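User: Could you walk me through how to read a few features of this model?

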Amino acid sequence: MEVMGVSRSDDSALRERIVASILKTGFNGSGVGIWGAEVCQRCGELGTYWALAGAMVSHAGGEFACRGCRNNQGRHVARDQAHCYCECCQKRVERKDALSVARRWLCDRCGAELSSQFDEEQLNTHLSRLARRRYLELKPSLDDLRRHGLTQAEQRLALDEIHAEGEERRDLESRWEERWLEALAELSEIHGVRYRLDNNGTTVHKD
Ligand SMILES: [Zn+2]
Ligand SMILES: [Zn+2]
């Protein structure tokens, strides 16, 4: 039992390290691209979305609805539904008593607590970061999390090129493989595995 306890806590430290490194890759400290996990306003459970199409379909009614609820009950959250679910603690509350933050809801307690720490814009950012972190925490295995980290790092390198101009962009483009190898060396440290590129320089292998 003791050994299991130790290995589990090692595992959670490693997970947290990977999560933190993914969240750092974005401009606003929340990762690159469109993905997240939010509280479904029909069932109150966490659900995930991925990419623009996924974000659009899951927020089609203006509020987030998980896949299961969209399949069972149609894609829109009923606008006349009297209750909603707190984005932080997932408690079911009456809409008239809840605090609305950019299409998300907070219960009395969470709303009061967060409003004392953040202004409205910061509160919105805080909830967006929470959605990112939850998405990563829902990844079932370390390897799923690692794969997500690799994709994020690759997108980060591509975005650096997109945001550069002229000579600087050409320089970044010409050094793609070198930059990718640098990133993989750094990720190997963080992810606790050794990544290498195969001979044609495209596929990442894990040793
Ligand atoms: Zn749901
Ligand atoms: Zn709450």
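Analyst: Let's start with handedness: a crossing is left-handed if the near helix is turned anticlockwise from the far one by less than a right angle, and right-handed if clockwise. Some housekeeping too: this is a predicted model, where local features need pLDDT of at least 70, side-chain atom pairs count only at pLDDT 80 or more, and totals for chains, interfaces and linings use all residues. Residues are numbered from 1 along each chain as its sequence is written, while chains are lettered from A and ligands numbered from 1 in the order in which they are written.

User: Is the crossing of α6 and α8 left-handed or right-handed?

Analyst: Right-handed. Helices here are DSSP runs (H or I, at least four residues), strands likewise (E, at least two), numbered from the N terminus.

User: At what angle do α6 and α8 pack?

Analyst: Axes are lines fitted to C-alpha atoms, for helices over the stretch in contact, with angles from 0 to 180 degrees between N-to-C directions. Here α6 (residues 142-163) and α8 (residues 176-191) pack at about 150°, axes 11 Å apart. So α6 is roughly antiparallel to α8 (under 35 degrees is roughly parallel, over 145 roughly antiparallel, 65 to 115 roughly perpendicular, the rest oblique).

User: Which residues make the contact?

Analyst: Contact means C-beta atoms, placed from the backbone, within 7 Å. From α6 come Arg146, Gly149, Leu150, Ala153 and Leu157; α8 brings Arg179, Trp180, Ala183, Leu187 and His191.

User: Now the backbone: what is phi of Arg103 near?

Analyst: Near 70°, a positive value in a residue other than glycine. Arg103 sits in the loop between β5 (99-101) and β6 (104-106). Not counting residues up to four places away in sequence, Arg103 touches Gly62 and Glu63. The C-alpha atoms of Arg103 and Gly62 are 6.7 Å apart, though 41 residues separate them in sequence.

User: Is Arg103 buried, exposed or partly exposed?

Analyst: Count the other C-beta atoms within 10 Å, placed from the backbone: 20 or more is buried, 12 or fewer exposed, in between partly exposed. Arg103 has 15, so it is partly exposed.

User: And which residues of the largest nonpolar core touch the most other members?

Analyst: A nonpolar core is a set of buried Ala, Val, Leu, Ile, Met, Phe, Trp, Tyr and Cys residues joined through C-beta atoms within 7 Å. Of its 14 residues, Cys40, Cys86, Ala98 and Trp105 touch the most other members. Strands β3 and β6 each supply at least two residues of this core. Apart from it lies another core of 9 residues, including Val19 and Leu127.

Technical notes:
Two residues are in contact if their C-beta atoms, placed from the backbone, lie within 7 Å.
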